[in-house]
Amino acid sequence: VDIIEKFLAHVDTHIERRSWTNVETVFCTERSAELSPDSIDLAFICNVYHHFEYPQDTLASLHDALRSGGRIVLVDFKRIPGESADWILNHMRAGPEVFEAEITKASFTKTNEITDLLDDNYFVILEKSS
């Protein structure tokens, strides 16, 4: 799933070249992942959540797309004034506290946080709430 058609075309090239039949690209909008209801078990969001312009709309579409017990794996940059690199501070709209609050508000429950894997990123797992 991506909002940039050029990236999807790049993936489509690899799909075709490798004759993969279990991979499909989806062009999303700034408000929706454009996935069918109950169609996925996991949404892996890596270093892009900070770009979500309408996080509550996008999260609602992900909530609908996830099956019961589905999860979001969120990896994004830590944004800590005085500690994070300037490009992160200038690029990120917020840090993990804000992002987790947005996701929790969208009916997800944090189930795990992995703190010993990445230096500049945080890594959390959230589960779809009923």
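This is a predicted model: local features need pLDDT of at least 70, side-chain atom pairs count only at pLDDT 80 or more; totals for chains, interfaces and linings use all residues.

In general, the strands of a sheet pair through backbone hydrogen bonds, in either a parallel or an antiparallel manner.

Seen as a whole, the sheet is open and has 4 strands in the order β1-β2-β4-β3, with mixed pairing. Its edges are formed by β1 (40-46) and β3 (108-114), each of which pairs on one side only, and from one strand to the next the twist averages 20°.

Two helices pack on this sheet. Helix α2 touches β1, β2, β3 and β4 (121-128), and its direction makes about 140° with that of β2, whereas α4 touches β2, β3 and β4, its direction making about 10° with that of β4.

The two helices also pack against each other: α2 (residues 55-65) and α4 (residues 96-105) meet at an angle of about 50°, and their axes lie 9 Å apart. Because this angle falls between the limit of 35 degrees for roughly parallel and the 65 degrees at which roughly perpendicular begins, α2 and α4 are oblique to each other. The crossing of α2 past α4 is right-handed. On the α2 side the contact is made by Pro55, Gln56 and Leu59, and on the α4 side by Glu102, Ile103 and Lys105; these residues divide into 3 nonpolar, 1 polar and 2 charged.

Key:
Residues are numbered from 1 along each chain as its sequence is written. Side-chain values use heavy atoms; hydrogens and water are left out. Axes are lines fitted to C-alpha atoms, for helices over the stretch in contact, and angles run from 0 to 180 degrees between N-to-C directions. Angles under 35 degrees count as roughly parallel, over 145 as roughly antiparallel, 65 to 115 as roughly perpendicular and the rest as oblique. A crossing is left-handed if the near helix is turned anticlockwise from the far one by less than a right angle, and right-handed if clockwise. Contact means heavy atoms within 4.5 Å. Ala, Val, Leu, Ile, Met, Phe, Trp, Tyr, Cys and Pro count as nonpolar, Asp, Glu, Lys and Arg as charged, and the others, Gly among them, as polar. Two strands pair if DSSP finds at least two bridges between them.
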